[in-house]
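Me: I would like to learn how to read features from a structural model, taking them one after another. Could you take me through this one?

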Amino acid sequence: ADAREKLTVAIFFTIVFFWVAPDLLKGVLPTVCKAISAYGTVTPPLIGMILLCVSSIDGKPLLKMSEGMKAVPWPCIFMGGAALALGGAMTNGDIGLSEAVKQAIAPLAGRLSGFSLVALLVIVTALLTNVGSNMVTVTIVSAVGLPIAVGLGGSVNPAAFAAVIGMMSTYAWATPPAMTTVVLGTGTGWATAADMAKYGFLALVPSVLAVLFIAYPIACSLM
């Protein structure tokens with residue numbers, strides 16, 4: 001590695017350090033870590049970009065702003081921002097969609113028992129998280145399912161149930177509102193939105209089965 005490569009790598013790992021340092025060192029340097037955390041996750045890479053632009057080796061900057069801007073997949077970023085905004089609108093309390101989903105699930109879930117309840121809510125989680133926000137999905141399903149699971153008197157392990165619902169809510173890869181990575185996948189030309197939806201929903205089938213018949217039993221044995 002030459003001097004340009006070494007300095008670029010050094011700046012990169014400095015950014016990574018400032019990302020993880022607040023959690024790694026909060027027990028040792030709480031005041032410093034709190035100050036670093038206050039800047040959020042966006043500030044370190046912005047500072048790193050500035051350092052790359054102003055640092056020169058042999059009279060040439062490590063990064064030219066014009067070249068760096070061309071390398072950014074702007075359509076993916078705009079699409080991701082729009083999808084996140086759409087998700088925020090769907091989960092707005094004034095719209096009432098989250099409450100409507102709760103009211104639709106609760107009566108059916110209340111009539112089930114044991115493993116059937118877990119299966120139903122895992123499937124609901126898989127579908128909801130692939131068309132909307134992960135956080136909203138896990139909040140809605142947990143709010144509906146946990147009280148019922150606790151009230152079943154042992155036929156459902158509430159801790160294991162909560163674990164697999166949290167796990168299933170992260171399996172989001174079918175539509176752009178589900179996860180930013182879907183936006184990146186559809187915006188780079190390697191896959192179309194139809195491909196992501198088709199194979200994303202197909203992948204949910206083995207994922208749901210694995211969560212129900214592997215992850216849930218393991219969680220029950222450990223919790």
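This is a predicted model: local features need pLDDT of at least 70, side-chain atom pairs count only at pLDDT 80 or more; totals for chains, interfaces and linings use all residues.

Me: What is the phi of aspartate 58, and does it count as buried or exposed?

Reply: Most residues other than glycine have a negative phi. Aspartate 58, however, has a phi near 55 degrees, a positive value in a residue other than glycine. Buried means under 20% relative accessible area, exposed over 50%, and partly exposed in between (1.4 Å probe, protein chains only). Aspartate 58 counts as exposed because its relative accessibility is 75%.

Me: Why does the distance between the ends of helix H1 agree with its number of residues?

Reply: The expected span of a helix is 1.5 Å times one less than its number of residues. Helix H1 (residues 3–24) has 22 residues and should therefore span 32 Å, and its end C-alpha atoms are 30 Å apart, which agrees.

Me: Where does H1 bend?

Reply: The bend at a residue is the angle between axes fitted to the seven residues ending there and the seven starting there. H1 bends by about 30 degrees at phenylalanine 18, and proline 22 follows within four residues.

Me: Which residues of H1 are buried, and what do they pack against?

Reply: Ile11, Ile15, Ala21 and Pro22 are buried in H1. With contact meaning heavy atoms within 4.5 Å, the buried residues of H1 pack against helix H2 (30–37) and helix H3 (43–54).

Me: Which residues line the largest pocket?

Reply: On a 1 Å grid over the protein atoms alone, a pocket is an open set of points where a 1.4 Å probe fits, with protein on both sides within 12 Å along at least five of seven lines, and lining residues have an atom within 4 Å of a point. The lining of the largest pocket includes Ile11, Ile15, Phe18, Tyr39 and Leu51. The elements that give two or more residues to this lining are H1 and H3, and the largest share, five residues, comes from H3.

Me: Which backbone oxygen does the side chain of serine 169 reach?

Reply: A polar contact is a pair of N or O atoms within 3.5 Å; within protein, one must be able to donate a hydrogen and the other to accept it, and residues adjacent in sequence count only if both atoms are side-chain atoms. The side chain of serine 169 reaches the backbone oxygen of glycine 166 at 2.8 Å. Serine 169 lies in the loop between H9 and H10 and counts as buried because its relative accessibility is 5%.

Me: Where is valine 138 found, and which residues does it touch?

Reply: Valine 138 is found in helix H8 (residues 134–151) and, not counting residues up to four places away in sequence, touches Ile165, Gly166 and Ser169. Valine 138 counts as buried because its relative accessibility is 19%.

How values were computed: Residues are numbered from 1 along each chain as its sequence is written. Side-chain values use heavy atoms; hydrogens and water are left out.
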